[in-house]
Amino acid sequence: MTVIGMLHTRKDPVYVKKAYACAAVSKMEGVDFFYFSFGTVDMVDHKINGWRYDNGKWIQQLRDLPDIIINSKSPKNDKQKQIWSYLKNRCLFTSYSVGNKLKVYQKIIEGKQFSHYVIPFFILYRGEEIFDHFENHKRLVIKPIKGSGGKGVIFIDKITTNQYLVLNGNHNETLEKNELILYLDHLLVTTRYIIQPFIKSSTKEGLVYDIRLHVQKNGRGEWETTLIYPRISANRKMISNISSGGFRGELQPFLIEEFGNEYYNMKRLLEHFSICFSQHFESLYHHKFDELGIDIGIDENQKLWIYEVNWRPGSKHREMDVAKKLVQYADYLAKANK
C-alpha cells in the first residue's frame, strides 16, 4: 500500500481543508495518508509525528517516512529549509516550482510553440526606460518579477507627453515625467519589475477579467482539466484576482453572455489550450508537475494571452475535486518509481 504524507506549515490539520479532502479520498482509493508539519520531523531517528484521520477525528501517531510527499507549502525559514532538503533527499515530492514570471516567459519563448501567446515584456532597469514603451502603447503594466495574485501590479497611462496616471491598487495619482521617473526608481530599489503593454480583456460591461485554467495529473500521469472559470474584477478595478477583490464566475453562463453563439467554440478552445499548453510547458523543464494554474486574458479579437503560470493554484470550495486527482497521481507516481 502506498503511503502518502502531506507536508504543511500549519501544525493542526483541523484547519487545513485540503488535508481532510485528501484523507477522505485516500480511504476511497485504498492508500495510507497522514498529515504532518515541519516541526514534527525527526531527522535523527527518521520518524514523523504525523496525523491520521480515523473514525471522524485526527489522531497523532509516530510514522516512518512516507513513499511520497504532497509538498503543499514551501519552507519559510532556515530550519524548515533544512527539513525540506532532508525529506527531498529521501522521499518523492509531487510539486515543483515553475519559477518566477521572467523564467516562465523565457521558457515559453524558448519553447517556441506557444511563444505567440506571451505578452511582449521587457525588464525595467531604470525609471526613464518606460517612456520608450509609450511610443506604441497608451497604457503599460509593470509587474514584480516575483509577484503573484496580482499583488504589486501597477498600471500607467500616458495622458500627455509630460503627464502620466499611475494606478496602484485603490490609489490613483497623476505624475509629471520627472516625478514618474523618481517613483519608478524608488520601486526598483527593492523590487525587480517587467514592463508589458496592457491587454484589454474586459466584459461587455467594462469589467476586467481573466480566465483560470486549472489542470492536474490524473492516476495515469496524464493531464486533465479540473476546472476553468472566469475571475472578474470588482468595482471596475484593473485586477481580477480573487485575492485582490475580484470574484469567480461560472464558465458557461459567462461565455454565453460575452461571446453569444460563439460560446461553445470558445469553451472548446479553452479546454484544448489547457491540455496542449500544459503538456508542452512541462516538456520545457527537467521535472514533472502535478498541477498548474494558467491565467489567460482574451482580447477584443478573441486572441488568448498568457498572463501567468502558477504551480500551486488555489482550490478553495473545490477541495474534494482537487484532492481526488492529487491522491491518484501521488499513488501513481509512487508506484511508478518503486
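**Salt bridges and their surroundings**

Reply: Asp54 has 25% relative accessibility and so counts as partly exposed, a class lying between buried (under 20% relative accessible area) and exposed (over 50%), with a 1.4 Å probe and protein chains only. This is a predicted model, in which local features need pLDDT of at least 70 and side-chain atom pairs pLDDT 80 or more, while totals for chains, interfaces and linings use all residues. Residues are numbered from 1 along each chain as its sequence is written, and side-chain values use heavy atoms, without hydrogens and water.

Me: With which residue does Asp54 form a salt bridge?

Reply: Side chains of opposite charge can pair when their charged atoms come close. The criterion is a side-chain nitrogen of Lys or Arg within 4 Å of a carboxyl oxygen of Asp or Glu. Here Asp54 pairs with Lys27, their closest N and O atoms being 3.9 Å apart. Asp54 lies in strand E4 (residues 47-54) and Lys27 in helix H1 (residues 17-29), so the pair ties together parts 27 residues apart in sequence. Helices (H or I, at least four residues) and strands (E, at least two) are DSSP runs, numbered from the N terminus.

Me: Is Asp32 buried or exposed?

Reply: Asp32 is buried, at 14% relative accessibility. Its salt-bridge partner is Arg63, with the closest N and O atoms 2.5 Å apart; Arg63 is also buried, at 12%.

Me: What of Glu222 and Arg220?

Reply: Their side chains meet in a salt bridge of 3.0 Å, N to O. Separately, salt bridges with shared partners join Lys27, Asp32, Arg52, Asp54 and Arg63 into one network.
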